[in-house]
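These are my notebook entries on one structure. I set down what I looked up, entry by entry.

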Amino acid sequence: MTHYLDNINGPADLKTLDRSQLPALADEIRQALITKVGVTGGHMGPNLGVVEATIAMHYVFDSPRDKFIWDVSHQSYTHKILTGRKQAFLDPAHYHDLSGYTSPQESEHDHFVVGHTGTSISMAVGMAKGRDLCGRTENVIAFIGDGSLSEGEALEGLDNAGEMTTNLIIIVNDNEMSIAPNHGGIYKGLAELRATNGASEHNLFRDFGLDYRYVEDGNDANALIDALVEVKDIDHPVVVHIHTDKGHGLERVNATREAKESGHWMLPQSVQDAMVEAGPVEDYASVSRDYLLNKMKRDRRVVVLSAGTPGNGGFGPKEREQAGDQFVDVGIAEQHAVAAISGIAKAGGKPVYEVTSTFLQRAYDQLQQDLALQGTAATIIAAGFGDAIGPGDNTHSNIFDIAMTNTIPGLTGLAPATKEEYLAMLDWSIDHANRPVIIAEPGTLTRETDLALTPEDPVAAPFTDGDLKYRTIVKGAKVAILALGNFLPLGLKVRETLVQSGIGATVIDPRVYSDLDVAALGVLKDDHDVVVTLEDGALVGGFGERIAAYYGSSDMKVFTYGAHKELTDREPTETLYARYRLNPEQIVQDVLEVLR
């Protein structure tokens, strides 16, 4: 049996194959993807669907001279295999060598680090303009999925592209899915184009002023090659609309729409098997889901919104069906989601927007102008906000969210430390706050019973009647540890280490990061010499900076601990904790040096 992939170390090697050999090559690549992602986890469904499309692109165009810009990078694995990086997909010893996203640091065939969606068309428009200014003639190709077309930047890019008079090729990969099913009127138009083999007069791409081609079988490499040969070196912008099958070649991923949704991104198979064997595990996604479904049943005005990531909040297909019209997926449109919850609240509804915090960064203006400035009573649950310092990639960093939302007047920012505190804050925010509230969903689920140090030392109630004051977990002297949200357990570990040195420190659960409890901070001056702040986020603009500024004119020594101002890429948590001196022993060492 011939193994074509053995002899392909770059796009030039691909071009030596006869077109009749390409289906066999696609099968080899697809099997490599299934094997590797099954071990490491990753974006399975999107990548399986574009194997043939990527082969066709590299067969026709001349990368890196011709520029491929991949939207969100969820479909770039085959591209990496064909551009000299196949060992990371074929050899288990190299499985973890590469980012899951495009990266110019990896290859000259990658031009941007991309992890957020809706960006490729705008970047390609810019690259085409830069090419023209420099007098070059290479092709510029943007690759974007249909789910990304609901993102405002994608539509802005299409609009700008429509008035260009130069080479620009936009490949729209239409697999009829985003992460979950697509939502929005734009998808009725795509469905009509598919149903008419691209002939419908209702063509949004032509409406933007763009030329247009359609390929019904986007998993046929030769049909794709014919279409791309036709548009190569074209002198005006064109959309090549291809219809593909998400999860193509793996039955358990593409069998049903539900399977396609769960197969978009997959944990390693060993982890999946362990989870099935262990049974359901309570986490904040399940806590939120159960609470909100119950809340919806009791109050018709409660509605949950998602911007294309419903599973992150625990709302799978069954839960969405159960919620009915009290669950709205607005598609990948975070800016719209923030403005929409403000409108729902203004009209008397009780909106809750569940969002992964890295994507909330895309809606800063709406947080300020459309929500906080209006004072509307809406709730945002930001997942990842309270579990930020970790081994994620540099395109999905959550460490800046406290700093970002901390700057917005009128937006109340809460950081619960326990399940009970989280639920109490949700109740208050939805029913009583009468203001916009953002809740930093913690990472690890901690319960109130985990905080009690001794039966004789009861912990104060987690959160009652909108009490935005700091909560003392245990009273001590000399050193006060203000451990925000997800870092409260770390604060208790720091105290345990200090106790071994004879210092019984105070541990405080600040609970609110958008405002200072000046009364509590003032009391600490009486019998404390050192304040330690711990936050699972960036120090610059964060919670600790505000505490340090408050004590600036006093004799109080303040140590702030959190992430440095940097973007990290797949670094182990223990490495980051050591660098940021977030280990209890390091923190105690710093404190003892001051107290000596």
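**Entry 1: a helix face.** I began with helix H19 (residues 364-372), whose buried residues are Gln366, Leu367, Leu371 and Ala372. Seen down the axis of H19, these buried residues fall within an arc of 140°, so they line one face of the helix. The arc is that of the directions from the helix axis to the C-beta atoms. I note that an α-helix has 3.6 residues a turn, so residues three or four places apart point the same way. Buried means under 20% relative accessible area, exposed over 50%, and partly exposed in between (1.4 Å probe, protein chains only). Helices (H or I, at least four residues) and strands (E, at least two) are DSSP runs, numbered from the N terminus.

**Basis of the entries.** The model is predicted: local features need pLDDT of at least 70 and side-chain atom pairs count only at pLDDT 80 or more, while totals for chains, interfaces and linings use all residues. Residues are numbered from 1 along each chain as its sequence is written, and side-chain values use heavy atoms, with hydrogens and water left out.

**Entry 2: histidine 58.** I found histidine 58 in helix H4 (residues 51-60). Histidine 58 counts as buried because its relative accessibility is 0%. Its side chain is joined to that of histidine 79 by a polar contact of 2.9 Å. A polar contact is a pair of N or O atoms within 3.5 Å; within protein, one must be able to donate a hydrogen and the other to accept it, and residues adjacent in sequence count only if both atoms are side-chain atoms. Leaving aside neighbours within four places in sequence, I listed the contacts (heavy atoms within 4.5 Å) of histidine 58, among them Pro11, Leu14, Phe68 and Leu82.

**Entry 3: aspartate 325.** I next located aspartate 325 in the loop between helix H16 (317-323) and strand S7 (327-329). Is aspartate 325 buried or exposed? Aspartate 325 counts as exposed, because its relative accessibility is 51%. Not counting residues up to four places away in sequence, aspartate 325 touches Arg300 and Val303. The side chains of aspartate 325 and arginine 300 are joined by a polar contact of 2.7 Å. I also looked up leucine 168, which lies 157 residues from aspartate 325 in sequence and 40 Å from it in space, C-alpha to C-alpha.
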